[in-house]
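Open your viewer and get ready to click along. We'll go stop by stop, with something to select each time.

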Amino acid sequence: MSFLEDAQRAAEALDSYDRHARARDGKVLVQPPARELQTRMDLDRLAREGGLTGQVLSEFVRTYLDGTITLRDPRNMGHQTAVPNAAGALGSFIDGYATNPMAINEMGPAASAIELFYIDWMLSKIGWESGESADPRAGGVLTHGGSLANLTALAAARAAIAPEAWKSGVPSDLVMIAPQSMHYSISRAIGILGLGQDALIASPVDEYGRACGAALADVIQSQRAAGKRIMAVAASACQTAAGLFDPLREIGEICQREGIWFHVDGAHGAGALLSEALAPLMDGVELADSVIWDAHKMLRTPCICAAVLTRDHRHLDTAFVQSASYIFHDKDNPGFDFIGRTVECTKAALGLKAFMALAEAGEAGLAAHIERQTALAREAYDHIHALPDFECAVEPEFNILCFRLTEGDETHALELRRRLLARGNYYTTYAAYRDEHWLRLALMNPETGMDDIRGLVEEIRLVAAEPA
Ligand SMILES: *Cc1c(COP(=O)(O)O)cnc(C)c1O
C-alpha cells in the first residue's frame, strides 16, 4: 500500500467524476436500494477481508461515486450545500490525513491559528472588533454545522440571562421570540436547552413571512406582562424556505432598546456581507449579540463548517459553565484553546478547509460567486414568472427561488418533485412557504446557467403530463 499512489487513484476517480458531472453527463441523482448499493460496493467482503488499496480502492471509489448525488452537476439546484472549490476540498483531505483535533491548541497549533484568523475575518465583516483592546471584544468558534452553532449561540444567550440555569436547571419564566419561518434547528435548540417548545413565541410577520418590528414591541410587552423573561429574539438572514432576509436593523434596534439578546441566523445569507452590492441585506447585523454563519453554504467550503460569533467573547466563554472563573488565560499557552466554547470535545480542523476555500477564491472571488448566484436567481425568476403556466412565490432576494406550475391541487409540487427525482435529470427541493407547497431552487453551483433553468422547466412540463 502506498499512500501517494492511492491518493492519486482517488484523485483520478474524483477528477473523472467531476468532468462527467460538469458535462451534465448522466443522472444528477440515483437512488438504488441501500442493500443493492452495499452489494455493489462489496462492503461485506471488504469489511471481512480488508485490502482496500490499489485497484480495489479505485474500483471502490468509482462505485461509491456512482451512488452519490452529484452536487457538481449544474442541474443540481437542490439543497443549500456549497460545491466546494478545489483548495477547500483539499483542506478536507489534508485534515483527514493529518488529523489535528485542535480544540486545544497543542493538538493543532496551525489549525487553531487558522481558526482564530478565520473567525476574526468573519467578525470584521460583521463590523465587530476582536483585538485585545476592543470593548467589547468579539469572539467566535467554528462548529460542526449551523444547527450546532444555533444551539451554542442560544446556550450563550441562556447563560447571559440565567447563569443559574447551568447548575440548578432552567427557570420556567424564560421564553424566546422567533418567526415561525426560522430553521428547525432553532426549535430543536430550545428543546435541548430545556426551555420547552411552549417557550418559543412566534414573532409577528409581514405578508411575505418576514419578521416585522412594528408588532414585535407589543409581543415583548405582553410576554413581560405575563411574567416572562425574554432570553432572545431571533431573526433569519436569510430564511430557509424562500431566502428572504428579516429586517435586522429594525429588530436589532428594538432588542437594544429593550435590553434583549438578539440572535441572527445567518447560516446561509451572511455571505452577503462580502459583497458591496448585497451587504445591505445584512444591514443592522452588527446590532446582534450572536450570529451564526455557515462556510459550507455560500463560501465554497466542503461539509461541514459553521461559525458561532458573539459581539462580546465573554458570552461564549460562559455558555457552558456556571461562572467563567475556571477559564484562565495561561500565559504560557502560545495559542488559543477553543474547547471552552464548544459542545464538541474532539473537533476537526474546520478552519483549514474554510480558509483554503477562501484563499483559492480570495474575498473578491467569493463575493463575485455570491453575486452571480443571486443574479441567476433573479434571472430565473424573471423567466419563470413570465411563463403562462408557472408562478413564483415571491421575488428572490438571494439565490433561493420558490415556484410551481399554476395548475394542480395542493400537493402537486410534492408529486412533481417525486416524478422529477425518479427521472434523475434535475434535482430540486420542496418548501412550504406561507402555508403553500412550492418547488424550491437553491442555486449553489457556479456552473448552473439559464439553459439549465429552461431545461428544468421543460422537464417539469414533461413530468406533469405523465399519467398519474
Ligand atoms: C442550513 C441552515 C441551518 C442549519 O445549518 P446546518 O449546517 O445544516 O446544520 C440553520 N439555519 C439556516 C438559516 C440555514 O440555512
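Which helix gives the most to the nonpolar patch? Select helix H5 (residues 86–98), which gives the most, with 4 residues. Helices here are DSSP runs of H or I with at least four residues, strands are runs of E with at least two, and both are numbered from the N terminus.

Before going on, a word on what you're looking at: this is a predicted model, where local features need pLDDT of at least 70, side-chain atom pairs count only at pLDDT 80 or more, and totals for chains, interfaces and linings use all residues. Residues are numbered from 1 along each chain as its sequence is written, and side-chain values use heavy atoms, with hydrogens and water left out.

**The nonpolar patch**

Now pick Phe3, Leu90, Phe93, Ile94 and Tyr97: together they make a nonpolar patch on the surface with about 500 Å² of accessible area. To join such a patch, a residue needs over 30% relative accessible area and no salt bridge, and nonpolar side chains (Val, Leu, Ile, Met, Phe, Trp, Tyr) are joined within 5 Å, like charges within 9 Å. The areas come from the Shrake-Rupley method with a 1.4 Å probe, and for residues only the protein chains shown count as cover.

**The sheet**

Next, select strands E8, E9, E11 and E10: in that order they form an open sheet with antiparallel pairing. Two strands pair if DSSP finds at least two bridges between them. At the edges sit E8 (390–392) and E10 (429–433), each pairing on one side only. Zoom in on E8 and E9 (residues 400–405), joined by 3 bridges; Phe390 has Leu405 as its bridge partner in E9.

**Salt bridges**

The structure holds 35 salt bridges, each a side-chain nitrogen of Lys or Arg within 4 Å of a carboxyl oxygen of Asp or Glu. Asp18 is buried at 16% relative accessible area, while Arg22 is partly exposed at 39%. Buried means under 20%, exposed over 50%, and partly exposed in between (1.4 Å probe, protein chains only).

Last stop: Asp294 and Lys297, with a salt bridge of 3.1 Å, N to O. Asp294 and Lys297 are both buried.
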